[in-house]
Amino acid sequence: DIFIKGNTLFDTDDIRDSLKMKHNKAFSQNGIALDGAHIQEMYYNRGYIMCRVMPEPLVNKQTGRIDVTYSIDEDSLIYVNRIDVAGNTKTKEAVIRGELKVYPGEPFSGKKIKRSKERLYNLGYFEEISFDTKETSDKAKRDLVVNVKETKTGEFSFGGGYSSIDQLIGFASVSQRNFDIMNF
């Protein structure tokens with residue numbers, strides 16, 4: 001059987017229905033980990049980023065099967081205090097902020113952070129993007145830190161050849177994908 005305890009934000013049946021492991025199905029250690037992560041993601045999407053889910057498998061001596069109890073410590077709703085950007089040297093901070101779907105003053109949202117990460121990758125300027133949080137003096141707020149590692153956006157190419165008509169020919173090309181005309 002599957003038991004859920006400590007939840008107040010989500011209905012027990014809603015959590016149980018969203019799990020991959022079901023009653024009277026094969027037990028899997030990997031399944032427990034995935035379901036625990038899924039429950040945590042449900043809370044994270046609602047702004048409860050400090051929520052902890054502790055799965056506890058226990059052999060039921062009466063049935064000879066394994067029961068799983070998911071103990072949930074919801075903690076409290078956390079709001080975005082400030083957004084800091086780190087790691088950008090070529091890309092202006094305004095470009096990065098323009099792609100973010102998370103704003104100061106609203107609750108953290110895993111979906112919005114995931115969408116922001118996708119939008120930043122779609123620019124083609126970054127090879128690594130990560131989001132982190134920093135504590136603030138207010139327990140209900142945390143700073144969001146956007147860490148980026150820029151990819152090479154410049155290119156230099158050249159070539160040459162010989163033709164019986166034109167004799168010696170050549171070309172050179174320089175391009176930059178992350179270019180600001182106002183700031184050479």
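Three strands make up an open sheet here, in the order 4-6-5 and with mixed pairing. Strand 4 (79-86) and strand 5 (126-135) sit at the edges with a single partner strand each, so one side of each has no neighbour in the sheet. From one strand to the next, the twist averages 20 degrees. Keep in mind that this is a predicted model. The rest of the briefing starts with that sheet and its helix, then moves to the other strands, the salt bridges and the chain as a whole.

- Strand 5 and strand 6 (residues 141-150) run antiparallel, and nine bridges join them.
- Helix 4 (residues 110-123) lies across strand 5 and strand 6.
- The angle between helix 4 and strand 5 is about 150 degrees.

**E99, a buried glutamate in helix 3**

- E99 belongs to helix 3, which covers residues 93-99.
- Is E99 buried or exposed? E99 counts as buried because its relative accessibility is 18%, and the cut-off for buried is under 20%.
- Which residues does E99 touch once its neighbours within four places in sequence are left aside? The contacts are S116, R119, L120 and L123.

- Strand 1 (residues 2-5) runs parallel to strand 3, and four bridges join the two.
- I2 has V68 as its bridge partner in strand 3.
- Strand 2 and strand 3 pair in the antiparallel sense, over nine bridges.
- One of the pairs to look for there is V59 with I66, the latter in strand 3.
- The hairpin of strand 2 and strand 3 has four residues between the strands, and G64 there takes a positive phi near 75 degrees.

**Salt bridges between strands**

- The count of salt bridges comes to ten.
- One of them brings together the side chains of R52 and D73, at 2.4 Å from N to O.
- R52 is in strand 2 (residues 52-60) and D73 is in strand 3 (residues 65-73), so this pair ties together parts that are 21 residues apart in sequence.
- Both partners are partly exposed: R52 has a relative accessible area of 41%, and D73 has 29%.
- R82 forms another salt bridge, with D143, where the closest N and O atoms are 3.8 Å apart.
- That pair links distant parts of the chain, with R82 in strand 4 and D143 in strand 6, 61 residues apart.
- How do the two ends compare for burial? R82 is partly exposed at a relative accessible area of 42%, whereas D143 is buried at 6%.
- R82 and D143 also belong to a network of salt bridges that links them with D84 and K134.

- E93 and R97 form a salt bridge, and their closest N and O atoms are 2.9 Å apart.
- Both residues lie in helix 3, four residues apart, which is about one turn of the helix.
- E93 is partly exposed, with a relative accessible area of 35%.
- R97 counts as partly exposed too, at 35% relative accessibility.

**The chain as a whole**

- The protein chain has four helices and eight strands.
- Reading from the N terminus, the elements run β-α-α-β-β-β-α-α-β-β-β-β.
- What is the radius of gyration of the protein chain? The chain has 25 Å, while a compact globule of 184 residues would be near 16 Å.
- The C-alpha trace spans about 90 × 45 × 20 Å along its principal axes.
- Of the 184 residues, 31% count as buried.
- Taking contacts between residues at least 6 apart in sequence, 53% join residues at least 24 apart.
- The accessible surface of the protein chain comes to about 12000 Å², and 52% of that belongs to carbon and sulfur atoms.

Conventions:
Residues numbered from 1 in each chain as written. Predicted model: local features only at pLDDT ≥ 70, side-chain atom pairs only at ≥ 80, totals over all residues. Heavy atoms only, no water. Pairing = 2+ DSSP bridges. Axes fitted to C-alpha atoms, helices over the stretch in contact; angles between N-to-C directions. Contact = heavy atoms within 4.5 Å. Buried < 20%, exposed > 50% of the residue type's maximum accessible area, 1.4 Å probe, protein only. Rg over C-alpha atoms; globule rule 2.2 N^0.38 Å. Areas by Shrake-Rupley, 256 points an atom, 1.4 Å probe, with all protein chains shown as cover. Salt bridge = Lys/Arg side-chain N within 4 Å of Asp/Glu carboxyl O.
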